[in-house]
Each structure stands twice: as C-alpha cells, then as structure tokens.
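This report describes selected features of a multi-chain structure.

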Amino acid sequence: MLVQQIINGLSLGSVYALMAVGFALVFSILKFSNFSHGSVIMLSAYLGLWFSNRFDVGLFPTLLVCMIGGGTIAVIIEKIGFKPIRDKNGPLIYLFVSSIAISMFLQYLMTALLGGRFFMYRPLLKSSSWRFAGITIPIVNLAMLAASIVALVFLLYVLYRTTIGIAIRAAATDLSTPNLLGININMLISITFFISGALAGIAGLFLGMSLNVYPQLGGLVLKAFVATVVGGLGSLGGAVIAAFLLGLLETMITAYIGGAVTPMVSFTVMILFLLFKPEGVAGLLGLSSGSATQKL
Amino acid sequence: MKKSLVIVVVALMLLAGMQVSAAEPIVVGAIVDLSAATALWGQSQARGIEMAIEEYNAAGGLLGRPLELKVYDFKMDVQEGITAYQRLANQDKASVILGAPVSNLLLALAPIADQVKVPIVGEPSDQRATTKSPGQPWPYIFASQATCVDYGETAASYAIYELGLTQLAVINNKGNAWADEIAEAFIAYAKEHGATIVSREAFNWGDTDFRSQLSNIQRAQPEAIFVPEYLQEASQITRQAREMGMDMVILGPNSYTPPMVELIGSAADNVYFVNNVAFDLPQIKEFTARYVEKYGIEPTVNAYFGYDNAVIALEAIRRADSANSQEIRDALEKTENVQGLIFNYTFDPVTHRTDEFIATVIKIENGEYVTVGQYKPVKK
Amino acid sequence: MAYLDVNNICVSYGRNQALNNISMKAEKGQIVTVIGANGAGKSTLINAISGVLRYSGKISFDGKPLPYPAYKAACSGVIQIPEGRKIFPNISVAENLILGGYALRDKSQFESRLQAVYELFPVLKDRKEQAGGSLSGGEQQMLAISRGLMSNPSLLLLDEPSLGLAPLVIRDVFNLIKTVNAQGVTVILVEQNAKQALELADWAYVLENGVFVAEGSGEDLLADDVVRRAYLGVRDAT
Amino acid sequence: MNSYLASILIFTGINLISVLGMFLLMGLTGLLSFGQVGFMAIGAYVTAISYMRFGLPFGAGLLLGVGVSLLVGLVIGTVTLKLRNDYFALATYGFAEVIKNVLIYFSGYTGGSMGVFGIPAIVTLPMVIVIFLAALVLCRNFKVSKLGRNSLAIRNDELAAKVMGINTFKQKLLVFLFSAVFGSVAGSLLAFSTYYIEPNMFNWSKSVELIVIVFFGGINSLTGVVFAGMALTLLPEILHFGAEWRMVIYTAIIIVTMIYRPTGLFGRWELSLSQILGWIKGRRKSAVGRGGQGA
C-alpha cells in the first residue's frame, strides 16, 4: 500500500516536475512567472494530436514535432507578448501580467475554435501501465519522470558546459552587459524560450496522452508555479525536487488524511517550510550557498 | 449619382416601413456558457435551442409573430449570468428565458426572477433552484430535468437491486455541488437499503491524478465504484482505475454520455450510467442526424435539453396565447403532456419539475452504448 | 579619415538633449580621453559609440560605419568596459572570461588569449573557480578589463575605470591601460579623475553639458588654466 | 432606473472596491498577491452567514467580515511579509485556495459546495456608490500621504526604503490589511447582490481578473485603475455580439493595450478634483482655461 502510494506520488510529481523545469528556466532568467507556459503545453498537446493522427506516426516523431512546435510557439509568444514590454522598459511585473493575459487569450481562442471539445490521442504506447505484485506503474508517467530527469541533466549540461548556457546564466543577473561582449541578448532570450517551449512540448504530449486534450489543459501550470517558488531562487534543480516533493506530499495527504483536506494541509506545510527554510528547497540542498558554480 | 441615392433612400425607407408593419418578433432569451470550461455543453445547448426556434419559425412562428432568439454567453460567471438575465429582461424585452445547464446560475437567478418576473426554463438538477422552501416553488423557475437526488437514488437502487452489488465505493469532487449532491443521495439511499459504503474518497477542483484515492478504494475491495463527476474527471477516474486493474462495475450519472467512449475507449466497458434518455429512440436519432448535418459535430445531451426547454417554453406561449411573461409563467406551471425529445413533460406545480422521473440505464459494452432499459428506483 | 571618426552625433533622452553635435577622432594606437563632470554626458558618449544608445549622426571605425546595436559593435572589435565594472557576479571568474571571448572572431585564439590574461593577472587564475561577485573591487575591475580583452578588441572603451577604487589600485589600473595600449589597442578613456587620465592621453576632450568645450593634447590641457580650475581642483591665487 | 444598468453598475462598483485594494497592494507597494479573492470570500461568507443564521443586520455583518479579514490578514501578513516577494505571491495564492477549501470542507456552517442560498437583496446602487466613493477618497489620500510615498519607496527599492528609515515590514503589513478590508467589503456587497454564494465563485481566476485591471489601468495612476475597472467590466457586455469569440476579442484587446502601453493605460496621469473644477471653470469662461496637465 505504502509502496503503491509512493509510486503514485512520484508519478504525480513527474507531471509537476516536467512542467516545472521549463517554467523555472524562464523564471530564473527573466525573473517572472511565465503563466503562458501552460498555454504552450496546451497548444503542443493539440499539435501532437493533430500530427500523430494526420500522419499516422508513432511516439518519437510526434515528440519531436511537439518539441519543435512548443519551442516555436514559446518564441512567438515572447516576441509578441514580452519583447515589446522589455523594449519599452516596462516594469518586470508587466511581463507576468502579459503572460496571464496571453494564457487566457489562447484558452479562449481554442475554446472558440474547437467548441470546447475534448480529444484523445490514439494509443502511442503499447500498454498504458505495468502491473506486478499488486503494484501499478503508469507508463506515461514513467516517461514523464524520465523526460524531466533527462531534461534537467541536459539543461544543466547546457547551462554549465556551453558558452550559450553560461551566457544564459550570466543574463540571469544582468540583461544589458552581455550585449557589450558581443552576445545578442534577444537571441539568447529566444533560445531560452525555445528550450522552455520544447520542454512544454514534451509535457504537452505526455499530458495529452495521459489526460485528454482540452483548452483548460494548461491550468496545471499552477503546480509548476508552486514548485518553482518553493524550489527557491529560480533554481532548476530545486524546482524539480520541489515538484516531486509536492507530488508526494499531496498523495500522502490524500492517502492517509483524505482528499478533501489536501489543498489546506499541503499549502500549510509549504508555508511552514518556507518560514523555516527561507531559501526554499534549493537552500535545503545547499544549492544556493552563494558559490556560483553550485547555484543551479 | 443623385438619382441612385434617392432610390437607395427610398428603398431603405420602404424596408424600414415593412419591418414596422410586419409583426414584432417574440424575443426568446438564452443564457449559456460559450467560452469557458463548460463551453462544450453550452454551445450544444444553444444549438438545440436554435433548432427548436427555427422549426417554430418555419411553421409561421407563434401568435402570428416570428420568434427571435438572443443568446448570451456567461462564461460560468454568476455575475455575468445575472447581468445577462437583466439585459434579456429589460433591454431585449424577452418574453421567456432558457438555459444555463448548470444549477449555480439559477440559484442566483431564482430570487431575481421573482422581482423581474420573466420566467426561466432550464435544467438545474439542484432542488433548491426550483424549490424556495418545502412545498413552495420559486414562481419563475422551471426545470426540465430530474434532481440530483433522483440520479443518486436511481444509481444506488440499480446497483443494489438489479446488479446485486452491496459493497460500494464513492469518489467525487467535494467542491462540485452537483457531484456532491448526487453522491450524498447515493450514499443515503445505499445505507437505507442495506448496502455498505466501503470507501468514500474526495478530490478537488483542478485535480487530474486520482491514483491515490483509487489505491484506497482498491484496498477496500468494493464491488462497484460510483463516480458522479463531470466528463473530464469521470474519464480520468475511470481510465486510471482500469489501469490499476480495477475491473469492477463503475456507476455514474449522465456525464458518461458521448464523447466518453471516444475519450477512454475500452476503459469505459463495464460502466453503467443513469441517463435521461435512450440514444436509440427514433426521435433522438432523427434529431441527432439533423444536428450533425447542420453543425458538423455530434451533440451532447444538452442539445436535447436545449431543444426541449425551448419546446416547453414555446408551447407555454402558444397556450397562453400571449407574449406576456406573466401569462407565460402561468401557462408554464400548467405544462401537461408536452412532447419533447427526452420526455413527455408534465410539470408538478409544487416542484416546477417533471412530475415523474423515469431514468434510462445505459451500459457501455465493447465501446458501444447499450440501452438496458428504463428504470425507477425501488422505494421503501 | 581617422581610425575612429565620430561625426556630429546627437543623443537625447526624451526631451533632454544629452549630446549635442559631438565630433571626435582617435587615431590607431592612441589613448584618447574624455573628461567632464558628473552628468556631462560622458557615459552617453561611450554608450553611443559602443552601440547601446541610438544616435543621429555618423560614427565610422576603421573606414567603415560602426555597426549598431551593441553586440554587433562588439563583434567588430569595439568593446566597452562599462562603468561600475558589471562583471557577472553569479558565475565563476573563468566563466566570465569565457563570455569575454564570445565575440572572438577566431575561436582558436581563445586559449592563447586566456593565457595572456592570466599572465597579466595571475590573481584571476588563482580565483578562476570563484564567483565573480566574491572578488574585491580592484579584482573585479581587473576581471572586467580582462573580460574585455578576451575578444582581442581593436578599440577599447573604458567608462570610469577608477570609480570607487583605492588610489593605489587606481594607479595599477592606469598602468594596465598603458600596457594594453602598448600592445596596439586603441583606447577611449572616459574619466572624472582628470589628472591621471590626462597624463595618459595622447589627445583629450573636455565635455560639458553635452558639448565639447576644449580639446588638445593631454599635456596642453593639463596646463590649461580653465581646465585646471574646473577639473583639477587648482584654486585661483586670489 | 433600468435594472440591467443598475446591476452592471453595482457589479462594476463592487469590482472597483476590490480593485482599489489591489491597487494599494500591487500598484503602489509592488506586492504581487493572488489573495484578494480570499478576503472577498471571507467578507461574503461572514456577512451572509451572520445575517442568515444569526439575524445580524447587514451593516454589522459587513463590519464583522472586515474584522475577521483583518485578523486573518494579520496572521497571513505577519507570517509571509518577511519572506521574499515571490513567497508572498505563493502564500497569498495558497491562502485563497485554503479559504476556498475551508468553505467547502466545513460545510456545516458554510453549506459546503452547495453554497449559501436565498440571501436577500439589501445592497442597492446608491449604497455601492457611496461605499465606492469613500474607498476612492481613502485610496487617493493614502496615495498622496506619507504612507503612499513610503509604499512607493518600497516598490522602487525595498533596501533603500529600509535605509531611509522606513519600517518596511510594518508598512507592507499596513497596506496588506488595507487591501484585505477593501476585498472584504467588496465580498460582503457581492453576496447581497448575487443572492447566492458558493466557494467556486472565489476562484483564483477572480484574483487574476483584478490583477489584470490594476495593470491595465497602470500602477502609477489611480484614475487609470478606476477607468480600467469600469472599462473591463463593461467591455464583455459590449462584446456580446461576438458570441463564442467574445472573450477572445476581450483578451486580445487587453494584450494589445498592455504591449503598446506597458505603463498602463494612463501612465502617471492622475485626474484631480481641482482639474475637474478647472475644466468646468474654463468652459464657463471660455477664456484661457487650459485643462491642466496632471502630475
């Protein structure tokens, strides 16, 4: 029972984690909560659905299309919704409000276009879950777990081992000086959004496969927001770990106290945690102890 | 140049004159959700209403006057619903107002309609929307649908007396009034009739993962799970339960209607649900075919309700022989044997609802909706 | 045509004219200094040349129009070392230098540039794993200059490099500028610290309220009465 | 008066009262909060329950709601305002969710998901207008007072504000409590003008609506925010012709405006009483009267 609940928690956490990586990436550089991330997830889910049905292809081509599509959508959103505000030196918080307005717009747009209909992917996986010894592991969630870990490792590699990645990290504290070194900061931001959008594309495909595809699918991004903030200081590793902790916490409360009180208890626990660990999960793990090479 | 201008002006004046001379249309209002989370139902409902209005207009309208339909979106927001009602009543001078496939708006509108005095025909399954206090109806609200209690009791009765299942589990969103009301009625009935609720699980708005609750249910080993939920949640709960190897009977209300099977495929097998209507009835089939031809999309149950609400309202106008809201209200109270797609409606003047609820139980088998038959709960 | 040729440029912030028809020249290998009080428009001038600010008028460099915006200017060999150093505090010293080499046209030069910088500033090599923000003010200035040198610039624009540094460190910084210049890098130096800047300069301009009020060789200006009174703190005998 | 117009104006007024609270908190002080809807819920439920169950008059219930909101705000604020700003945003989001779930869970008092039903029509348009004007005057005086300048200082640079000798925590708490009171009053009025309240009416999307209004109007202009509150409440009514495209058009208008006016619709422009008087005079005399430029 406990084992099954831990698996349930990790599988829920994997959903949150996959969304949180992309969310935290933009959060760490542009310092705002990008709620349009949810819309990119939602649109990618539709894109993958259309593509896999139209061309009758399997998981991997669809995944590729979702990643490229999600990345492109995110860049377009950045160019239309955020860049003009940055160019006019609008306050940071306007980016956040703009991202909310954009996500509302896209949700209403898809509802108007498709009449609020629900869609389902045809099976891209041979089976949907593994069962042995009375324990069930949902395969899509396993894939999400793998994807979020691969994404995290890949991102850490890019951020710490490539010049572009170093530039992205530098831009997290200073958006103007990189220009003086010959770094095209707009390009850098576009790259960041592309990566974030590609991650949203992966999340969109897997969420679409495990849930249905519908205009409100992106609403789950609120959990990514929670994980990112609890993760602390825009730390990617902190956000991913916080996402898993959040999944486990919610599952355990639901399993042993009752689903009706889950939001009450989980938020209380979170606030208490932040009171005692004001550095967030990143602080808990010593990921932000001031040394640059350590901060994820 | 000048000459042509004169011709245009004269033509316009003639046109305007014609419109004045033609009978003033009777305005029928509708409040539905076209843009938010329940847009699928709202749009279906609006189209059902539209088809009814077009039929009546094709037959020459009512009282020698054409019918004009005004549909307002309220995006699931009670405040917007209230202003839409006020607008229809005051601005558009609607004679009667249809709609809202959800109860919460009608709960807010009931006392307002009491002052504004334009009747509403909708399908709130919350008893309180039509009943002010026991034995006293809200005078201006009428419902074409049965109550949550009816759905819950019917499902419980069917499980206990027809399927012989007495170890039952219930899972629903505590924040969804409709779901919770049905769930409570189910539980109350089941306990009264000797069944045991072995597990009662809850979740919250926005949840998409129900494995934790389902694990608890699985451990309690029920013979059937009752899932009174909206489409999205019901589809996920059913699918996740099947993934976890829970092959037992799943019971539900009318949210298991299409597109459920389309969404979760074989996971929907072994589901029994309480519906308002059998899909294989000739009038439903004929209407569905016309709907698909006209709009290029399958209707949801709400299209049938929309159509029926319109028919109930329009027949009341015919009987009242007046477009006056008060007189329509009085006529609505005397609705008797009005044949709609779903029911033959006769309103009980005390409850403002159909006087008798006969459910149709449908089983999902090999991805097909199989009508089991009409069913009335066993009463003690 | 001079190596750097600034021709009648104007910059304004909204209604405020910050630079009014400024023209200046620098020959290859020179150190050219611009001195002026706070708010005279010195940083604006530097930012215009390095492509951070939009301007009207023409700037040519090495016979070609200077590209805009800043990252393109940087890629063509014009590197600004900004006021307040602006090293990246959250990444390591080595990573700061890697970004410094971003505009390097010939990437194979990177290692040799790095060695050259480490030779110039051995302390940076010792601290290469440390976060940029953990360095002292003087070390940060060294890092900022080294970061600028990484891309092997042809023209170095320094904005108040002495700001906030101790006098001894300032001397080091100015010596360093001389060394860099001796290696063939043309330098535009903007300073409030007029005396030391003028001592260094081959040619100098005095900026006041967005216009040049004087120009001449460093020595001439050091001897100029008006300049002495306004910028070198020399009082009238009365 | 046409009751359609009246109901629109009542809802606009109620929205505006809540928005004014958000303006103080987010616009003036720069604290991102998703919690306003939580205080609206407290106001609505306390007033409604105390009226329906204990026969407390509306006015007393409203004040009781304010009292409870202050108490809750004090606890939440004390706990979270010392933390970083994004934690505060998260905490306020959590607070609103918790309130919603408390209302659902403790159904014995609140009716749970079924809500409170049959609330009488006590709120009238003049009442809303009077309360709104009072809130507006309070808000305006707050903005131009020392408190307002302290808030601005915190928004611009909290550390610098601290150095200037402002007790930033106290100031933030004060503003938070102000906004809680505004939200609570709006909630009380709302309950008695929708006649029915349920937890789901107090969703986070409602807070988002208020946030959008504040930024649409501009964080530096009270006039802009009031205008935005009216415009964005009326716009959906005007757009009804769009049917299912209504909200698409609505959000598109918001986005385009935000992109072209990233400092809000009115920037720093502020309408003042003396200006209005100036205009009136100017028109009367038709002389030099130039309708002054705002600060």
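## A buried arginine in chain D

Arg246(D) counts as buried, because its relative accessibility is 0%. The model is a predicted one. Arg246(D) belongs to helix H12 of chain D, which covers residues 246-260. Pro236(D) lies 10 residues from Arg246(D) along the chain, and the two C-alpha atoms are separated by 7.0 Å.

Apart from neighbours within four places in sequence, the contacts of Arg246(D) involve two chains: Asp73(B), Phe74(B), Lys75(B) and Glu80(B) on one side, and Pro236(D), Leu239(D) and His240(D) on the other. Arg246(D) is also part of a network of salt bridges that links Asp73(B), Lys75(B), Asp77(B) and Glu80(B) with Lys206(D) and Glu209(D).

## Salt bridges

Over all chains, the whole structure contains 36 salt bridges. Side chains of opposite charge can pair when their charged atoms come close. One pair crosses between chains, from Arg87(B) in helix H3 (residues 78-91) of chain B to Glu237(D) in helix H11 (residues 222-238) of chain D. The closest N and O atoms of Arg87(B) and Glu237(D) are 3.4 Å apart. Arg87(B) is buried, with a relative accessible area of 16%, and Glu237(D) is buried as well, with 6%.

Within chain A, Arg122(A) and Asp56(A) form a salt bridge in which the closest N and O atoms are 3.3 Å apart. Arg122(A) lies in the loop between helix H4 (92-114) and S1 of chain A, and Asp56(A) in the loop between helix H2 (36-54) and helix H3 (59-87), so the pair ties together parts 66 residues apart in sequence. Arg122(A) is partly exposed at 27% relative accessibility, whereas Asp56(A) is exposed at 58%. In chain B, Arg329(B) pairs with Glu333(B), with 3.1 Å between the closest N and O atoms. Both residues lie in helix H12 (residues 325-333) of chain B, 4 residues apart, about one turn of the helix. Arg329(B) is buried, with a relative accessible area of 11%, and Glu333(B) is partly exposed, with 22%.

S6(C) and strand S7 (residues 155-159) of chain C run parallel and are joined by 4 bridges. Ile79(C) has Leu156(C) in S7(C) as its bridge partner.

## The four-stranded sheet of chain C

A further open sheet in chain C has 4 strands in the order S2-S1-S4-S5, with antiparallel pairing. Its edges are strand S2 (16-26) and strand S5 (64-65) of chain C; each has a single partner strand, so one side of each is left without a neighbour in the sheet. Helix H1 (residues 42-49) of chain C packs on the sheet and touches strand S1 (4-13), S2 and S4 of chain C, its direction making about 120 degrees with that of S1(C).

S1(C) and S4(C) run antiparallel and are joined by 5 bridges; the bridge partner of Val6(C) in S4(C) is Ile59(C). Strand S4 (residues 56-61) of chain C pairs with S5(C) over 2 bridges in the antiparallel sense, and Ser60(C) stands opposite Pro65(C) in S5(C). The hairpin of S4(C) and S5(C) has 2 residues between the strands, and Asp62(C) takes a positive phi near 55 degrees there.

In chain A, 4 bridges join the antiparallel strands S1 (residues 129-132) and S2 (residues 135-138). Arg131(A) stands opposite Thr136(A) in S2(A). With 2 residues between the strands of this hairpin, Ala133(A) takes a positive phi near 50 degrees.

Met1(A), Leu2(A), Ile6(A), Leu10(A), Tyr256(A) and Ile257(A) make a nonpolar surface patch of about 540 Å². Helix H1 (residues 2-30) of chain A gives the most to the patch, with 3 residues. Tyr256(A) lies in helix H10 (residues 236-256) of chain A and counts as partly exposed at 45% relative accessibility.

Technical notes. Residues are numbered from 1 along each chain as its sequence is written. Chains are lettered from A and ligands numbered from 1 in the order in which they are written. This is a predicted model: local features need pLDDT of at least 70, side-chain atom pairs count only at pLDDT 80 or more; totals for chains, interfaces and linings use all residues. Side-chain values use heavy atoms; hydrogens and water are left out. Two strands pair if DSSP finds at least two bridges between them. Patches are made of residues with over 30% relative accessible area and no salt bridge: like charges are joined within 9 Å, nonpolar side chains (Val, Leu, Ile, Met, Phe, Trp, Tyr) within 5 Å. Accessible areas come from the Shrake-Rupley method with a 1.4 Å probe; for residues, only the protein chains shown count as cover. A salt bridge is a side-chain nitrogen of Lys or Arg within 4 Å of a carboxyl oxygen of Asp or Glu. Buried means under 20% relative accessible area, exposed over 50%, partly exposed in between (1.4 Å probe, protein chains only). Contact means heavy atoms within 4.5 Å. Axes are lines fitted to C-alpha atoms, for helices over the stretch in contact, and angles run from 0 to 180 degrees between N-to-C directions.
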